[in-house]
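Subject: Structure handover

Hello,

Here is the structure you will be taking over. Please open it alongside this message and follow along.

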Amino acid sequence: GADGVVYDPDQFDADANQRSGGMAVRPAGATAPKGSNTENPRFALLFDCDGVIVETEELHRKAYNASFKHFGLVIPGKGKVEWSVEYYDILANTVGGGKPKMRYHFDNNGWPSFFGGSKVPRTDEEKTKMVDSLQDMKTEFYKGIVESQAEARPGVLRLIDEAIAAPDIAVGICSAATKEGFLKVVNSIVGPDRLSRLDVVMAGDDVTKKKPDPLIYNLAREKVGLPASKCVVIEDSLVGLRAAMGANMPCVITPCPSSDVPDFRAHGARAVMDVNVGLGDGAGAVVTLAKLFPPNATEPDFDFAGGYGSSGHGSSGGVAGSAGSYSVSVAPTRVTRGADGVVYDPDQFDADANRRWR
């Protein structure tokens, strides 16, 4: 909490997504993690993993389909289970985490049987066992795919390195992915040396509620000892944006080709990167640490050169930027599209179950 005491996350106000009492501070005597050179940070930079550090959504889709095929999944009366590119794009912007995605799909389309048999799970225990088995096999397929196909998105390792080198900037990775698959990606792409120097590293297994619930970002805020307004989140999906917004943190979106791209700006993103450029590298770098956190600044700056950012400052709201910019000049339009293609109000999503209720 703001006074350094550890509280149950359920004691946080779900609406404000933070306990009343003011600014969070690092508890007296607390130090940065071993390997980190962060001291008295001014700001924090928190990265999502899948879709931000690595364009993994298509790799996940292939791994899920490989798991479905391995177990011969068939939904009675509908046929084999296989997620198309178009369907998975929408699913990725609707439900956070792999197991919740499968439960969402089966709850809405019917539960399958293994190897084309007639036995379909009926009890919650049977459904959990099926989802766990599918997820375990999916993870094995995913690890193999990552080794052969995964590579970092433009600019992300450069920006992580800039943040690691700056003692006044805390940096971390907060992923909704299961820990085993997450560690495979970050060890292969980010590397053990960088990981050892981060202030925060959390996967979906480390929290009781996955994105779009803001719990993972609220816990990261507590770890770095900064108020939400000084923690900038880098995300790629609407699910991730909701988590950041729920934690009252400003969010930069770097959409990947697999995103079923909604209007991120209307949903509150402070800046949206070009899908083909991302954060940018070399001479084409768009987001740099110096631009995002200028020396002596008290708030992040989202006015990135090149027409990608917002000229507004701070963590909420925003003002219109110059022509061609991705600024937020009006209150966010609360509209999104569910996995079935229908437009829903995000407030209809159950924050506890991370799925829509009717």
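Below are notes on the sheet, the helices packed on it, and the salt bridges.

One point before the rest: this is a predicted model.

Look next at E1 and E6. These two pair in the parallel sense over four bridges. Leu 45 stands opposite Val 232 in E6.

**Helices on the sheet**

**Salt bridges**

Side chains of opposite charge can pair when their charged atoms come close. How many salt bridges does a search of the whole structure find? The search finds 18. Three of them are described here, among them the bridge between Asp 168 and Arg 42.

Asp 168 and Arg 42 meet through their side chains, at 2.7 Å from N to O. Asp 168 sits in the loop between H5 (156–165) and E4 (169–174), while Arg 42 is in the segment before E1 (43–47), so the bridge ties together parts 126 residues apart in sequence. Asp 168 is partly exposed, at 24% relative accessible area. Arg 42 is partly exposed too, at 23%.

The side chains of Arg 194 and Asp 161 form another salt bridge, at 2.6 Å from N to O. Arg 194 belongs to H7 (192–196) and Asp 161 to H5, so this pair ties together parts 33 residues apart in sequence. Asp 161 is partly exposed, with 32% relative accessibility.

Then there is Glu 235 with Lys 211. Their closest N and O atoms are 2.8 Å apart. Glu 235 is in strand E6 (231–235) and Lys 211 is in the loop between E5 (200–202) and H8 (215–224), so the pair ties together parts 24 residues apart in sequence. Are these two residues buried or exposed? Glu 235 is buried, at 1% relative accessibility. Lys 211 is buried as well, at 4%. Which residues are linked in a network of salt bridges with Glu 235? Asp 48 and Lys 211 are linked with Glu 235 in that network.

Best wishes

Definitions and conventions: Residues are numbered from 1 along each chain as its sequence is written. This is a predicted model: local features need pLDDT of at least 70, side-chain atom pairs count only at pLDDT 80 or more; totals for chains, interfaces and linings use all residues. Side-chain values use heavy atoms; hydrogens and water are left out. A salt bridge is a side-chain nitrogen of Lys or Arg within 4 Å of a carboxyl oxygen of Asp or Glu. Buried means under 20% relative accessible area, exposed over 50%, partly exposed in between (1.4 Å probe, protein chains only). Two strands pair if DSSP finds at least two bridges between them.
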